[in-house]
Amino acid sequence: MLRTLNRVLLGLAGLALVLVGGSVLAVGLGVEPPSWWVHDSRDDVLLSDADRARWRDDGWWWPTVIAVLAVLVLLALWWLTAQLRRRRLAEVLVETGDGEGALLRGRAMENVLAGEASALDGVERARVRLTGRRNAPEARVGLLLAAEAVPAEALRGTCEEALAHARDSAGLERLPATVELRAVKHRAERVS
């Protein structure tokens, strides 16, 4: 949701800037502007001294300016906190079968998943991060493979063993996962 909102807002801001900048450039190059446009010719300015001081003496002007700027600051702060907010899942809802549910700490499930994935052949280290909702978690698994590891076997073991055990033990119908494989840096072997 946040990623989509970011893209839409950045796209709209970019489109507005391109349209305004392009129209100012076009008028500056000699294109005849429409009658409703803010400036008339290439020698005209966007905001004249009279336009800037037009409402300064009216009683509603400064409260309106301050209110609009305050709303913009609040929106910017909301956007910033949304960017910095942790996306890690704090707890997973485990179905107990009696109509009630139990909560499993997300970190505990991440640690168990990482430990089981690290124990697989050819895996040097594993990192796991749970995202999503507590009743529909998703896993992001990062595997650091040893030099002699077979990536297909490490991926199969992660999916069929570690992720399957986590899914079954938490009573989840499905546990979608993204697995990123990286090889450990090592020196080239000498062949004689």
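This is a predicted model: local features need pLDDT of at least 70, side-chain atom pairs count only at pLDDT 80 or more; totals for chains, interfaces and linings use all residues.
Helix α4 runs over residues 106-118, so that's 13 residues by the DSSP runs. From first C-alpha to last, α4 reaches 18 Å, close to the 18 Å expected at 1.5 Å a residue. Now look at who's tucked away: G106, M109, E110, L113, A114 and A117 are buried. They cover an arc of only 130 degrees around the axis, so they sit on the same side of α4.

Okay, on to charges. Side chains of opposite charge can pair when their charged atoms come close. Searching the whole structure turns up three salt bridges.

One of them joins R134 and E91, at 2.9 Å from N to O. That pair ties together distant parts of the chain: R134 is in the loop between β3 and β4, E91 is in strand β1, and they're 43 residues apart. R134 is partly exposed, at 37% relative accessible area, and E91 is partly exposed too, at 29%.

Then there's R156 with E160, where the closest N and O atoms are 3.4 Å apart. These two are four residues apart in helix α5, which means about one helical turn separates them.

Last up, R167 and D168 meet at 3.6 Å, N to O. Here R167 is partly exposed, at 26%, while D168 counts as exposed, at 51%.

Technical notes: Residues are numbered from 1 along each chain as its sequence is written. Side-chain values use heavy atoms; hydrogens and water are left out. The expected span of a helix is 1.5 Å times one less than its number of residues. Buried means under 20% relative accessible area, exposed over 50%, partly exposed in between (1.4 Å probe, protein chains only). The arc is that of the directions from the helix axis to the C-beta atoms. A salt bridge is a side-chain nitrogen of Lys or Arg within 4 Å of a carboxyl oxygen of Asp or Glu.
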